[in-house]
Amino acid sequence: MSLYHKKRDVWTIITTVIFLFYLILLVLPLFTLLKESFVGGEGGRFSLNYFIEFFSKKYYYGSLINSLKVTVSVTLLSAILATPLAYIMTTFKIEGKIYLQILILISSMAPPFIGAYSWILLLGRNGVVTNFMNNVFHIQTPDIYGFTGILLVLTLQLTPLIYMYLMGALKSIDSSLLEAAESMGVTGIRKMWKVIIPLIMPTLLAGALLVFMRALADFGTPMLIGEGYQTVPVMIFNEFISEMGGDDGFAAAISVIVIIFALAVFLLQKYISNKKSFSMNALHPISEKQEKGLKNILAHIYVYGFIALAILPQLYVTYTAFLKTSGRIFVKGFSLDSFKLAFDRGGDAIYNTFMIGLSALVIVVTLAILIAYVTVRRKSTLTNGLDIITMIPYIVPGSVLGIALLLSFNSKPLLLSGTAFILVISFVIRRLPYTIRSSAAIMHQISPSIEEASISLGASNLKTFFKITLPMMLPGVISGAILSWVTIISELSTSIILYTAKTKTMTIAIYTEVIRGNYGTAAALATILSIVTIISLLIFFKLTGKKEITL
Amino acid sequence: MSINIKIRDLVKKYNNNTVISSISLDIKQGEFFTLLGPSGCGKTTLLRMIAGFNSIEGGQIYFNDEVINDKSPQNRNIGMVFQNYAIFPHLNVKQNVAFGLTNRKIPKPEIESRVDKILQTVQIGDFKDRLPENLSGGQQQRVALARAIVIEPDVLLMDEPLSNLDAKLRVDMRNAIKEIQKEVGITTVYVTHDQEEAMAVSDRIAVMNSGVIQHIGTPQNIYHRPANVFVATFIGRTNIIERELSIINGKTVLKLDENYQVEMDKIVPTNKEVNQLPVKVSIRPEEFVITDSSDGMSAIVISNMFLGVNTHYIVRLSNGEQVEITQESSLDEILDPGTKICLKVKKEKINLFDYESEMNITEGVVNDVALS
């Protein structure tokens, strides 16, 4: 009986409120989406028309196959590239390692479509490299548009994600495990295959899942560089937005198919990784070694080569931002005109990005702390439900969430479409799964007896939370929040669906300038975005005292 | 301000799994009372019920005459020391110790003086501005103790406070805890699985197993006259051998071997009708005596182990049973394996248990479980 009393404290109220928030702002929209997808019949009756249409026209199901091809290829390639990268960065002494790690991070934090646009500038039909090769060597460079381009851009963009996951996993391998393997005669490549890969496999799978979801949901890259090669997010966008014959119900049906697809992959991954899961804790982490000769040279070439490719698009965009422009084309010489134009045309967008981004961030941090606390400390049916519900956005692509929110809140009493608030909500919902995860991880490290000590000393439950638990969580939560912030300001796929002229953000401004062909302004805005990102990351490093990020 | 604790028919259930079925006991004012038992016996559960961190599914806990079942831990006025110390890592030593006082709306100057005084008592006054990460295990332990007693709690609860310390420090700290507890005179409930530690610090010990209290008594009583076979084997080392107790001519005789029997005059009268009673006999290693005379149990040394003060032997009795014996080390040669020896027992020290109930049938058992 006293148990019952104790559980109905202020935390129950907080949990219930957050639960309702999710019911209204996530579950309801997803149900609306589901409903819309099934009402293709005459007079809004239940029918499978949309689904039948989808699977009977190659134009539609072909996009799904395209998405599948892109996503699987990107995931595999990223895993293949990231594993040696992480292994070398952990075990080899690499010159300038600290800077390389920061560069890898920066390269992964920019919106992918900026990479796509930059690669077009470099390798596109009229690209700098293309023209150079053509004019000087008379060599036809391979076509960058379509599948190849998407694969190139997304792989370079997402490999760092798996890399960061793997760096964390490699840190938790105790060097004695490797020494034990060596003492039994397992060395070199065999050691990598027989010992290291199996040990980091659970993390590799987790990272691969994240990359899969990102690649599946990415809208900007295929939109810019895909040309005729249409993937699902592009198709959803076209179906939903296109001014002639945009069809909400059909877009909803495609969304449902994508969610089912993503869910299947998610469950498959969970099934596999549950079988392989174990926990490790390194007393003596692997330390880096100075290698000699060819091995050393190859390792350096691999690391520097990858990072050069990964950072190249951003560098080139930044470079073009300082070029003189005449109308839409770059001319000889340097100037700051592009920046002037960027502030003129994109000033609102910069302001919106900060206002919307920071509001979302405050809510994300507050909710993440509260949710992490209740799901770790106050386990109950309600908090378990909350734990599951908050993770749903993980498998819902951004454009799908955007459509779901629009369809649900485009009429009274909850008329939110067109407001900045709906953008804030979408950012909060999409970002929370990650921030909750990292906050919950911190929460798990705080022993419950610390809180009991506070309570035994007469502090109330709330006082214990604010005086003891929160201050202990805060450093970790803040560093997580900065990463959230960086992700929020580079978000495109949801905001492209939800924005209006008044709530345009920087990524949308960059995107529209690129579409219009105003490359100078786009480059200047992209540079500003990069600078904000870099400053945020520097604050992160300063606050955490770390020189890298492991996920 | 120090109080007595009365526990009546206390029940703890996790869902349908009963962990503590019905415990009753009395803890006296100012007493150092220890809950001792193997891991999983329910001792920490019981302590946390007294603290208020575990719910109570039945029975009552009284502080003096007040039932505190439904009082929240904040209002029970307890001081608690945790196994992992639970020092607040973001507060320095002084802030940690003052934390409880600030919750009690005590004026600042008084907080200052009380914190200073207690830090002197636990001898860490020099570290008061340090953060916990800069303290050793023993120092953190002292902070935890100071923080718990500075609020002048009615009861001090300690959950395996020494188990994270190394062996030498553990001995130092247990002496310190005992001294400080005496000085402050506070009713203390202490949980440990280490029987030596329990005997060293406690006024009385409750030995628990499977959620049931087996024996409550002073350390000496529990060691010398354990209430049942479990207590005999859990506290110290002992040999349990099965024998028969016969009543011959009104005398109670324990036959240990064909040519060695001892008269047991301090047996609680059991069933007088039978004159043959199967018993379990607990003989501690030091309760054997190696004798030169031939009227003892014959045995053969299997192995020996020299441990400084004592020398241990494993020997085989004539019926094949193996027992462990301890002798004070002498300057003579250690007995080699294969040596034939003759053994007697210190009959006033050994304990006899009923074969079925495993309860001690020797006179002199003091078990406060029965009283309460």
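In this predicted model, the centres of domain 1 and domain 2 of chain B lie 39 Å apart, taken over C-alpha atoms. The domain assignment places domain 1 at residues 5-233 and domain 2 at residues 238-359 of chain B. Eight residues of domain 1 and nine residues of domain 2 make up the contact between them. On the domain 1 side, helix H8 of chain B (residues 229-234) gives the most, with three residues. That side of domain 1 holds four nonpolar, three polar and one charged residues.

The two chains also meet. Here 17 residues of chain A are in contact with 23 residues of chain B. Three helices of chain A each supply at least two residues to the chain A side: H1 (2-7), H19 (448-456) and H20 (461-489). H19(A) accounts for the largest share, seven residues. By class, the chain A side comprises nine nonpolar residues, seven polar residues and one charged residue.

Helix H22 of chain A spans residues 506-516 and is mostly covered, with eight of its 11 residues buried. Met506(A), Thr507(A), Ile508(A), Ala509(A), Ile510(A) and Tyr511(A) are buried, as are Glu513(A) and Val514(A). The buried residues of H22(A) pack against several helices of chain A, including H6 (112-123), H11 (220-225) and H15 (337-377). H20, H21 (495-498) and H23 (519-544) of chain A are also among their packing partners. Just after H22(A), Gly517(A) takes a positive phi of about 90°.

Notes
Residues are numbered from 1 along each chain as its sequence is written. Chains are lettered from A and ligands numbered from 1 in the order in which they are written. This is a predicted model: local features need pLDDT of at least 70, side-chain atom pairs count only at pLDDT 80 or more; totals for chains, interfaces and linings use all residues. Two residues are in contact if their C-beta atoms, placed from the backbone, lie within 7 Å. Helices (H or I, at least four residues) and strands (E, at least two) are DSSP runs, numbered from the N terminus. Ala, Val, Leu, Ile, Met, Phe, Trp, Tyr, Cys and Pro count as nonpolar, Asp, Glu, Lys and Arg as charged, and the others, Gly among them, as polar. Domain bounds come from an automatic or database domain assignment. A residue is buried if 20 or more other C-beta atoms lie within 10 Å of its own, exposed if 12 or fewer, and partly exposed in between; C-beta atoms are placed from the backbone.
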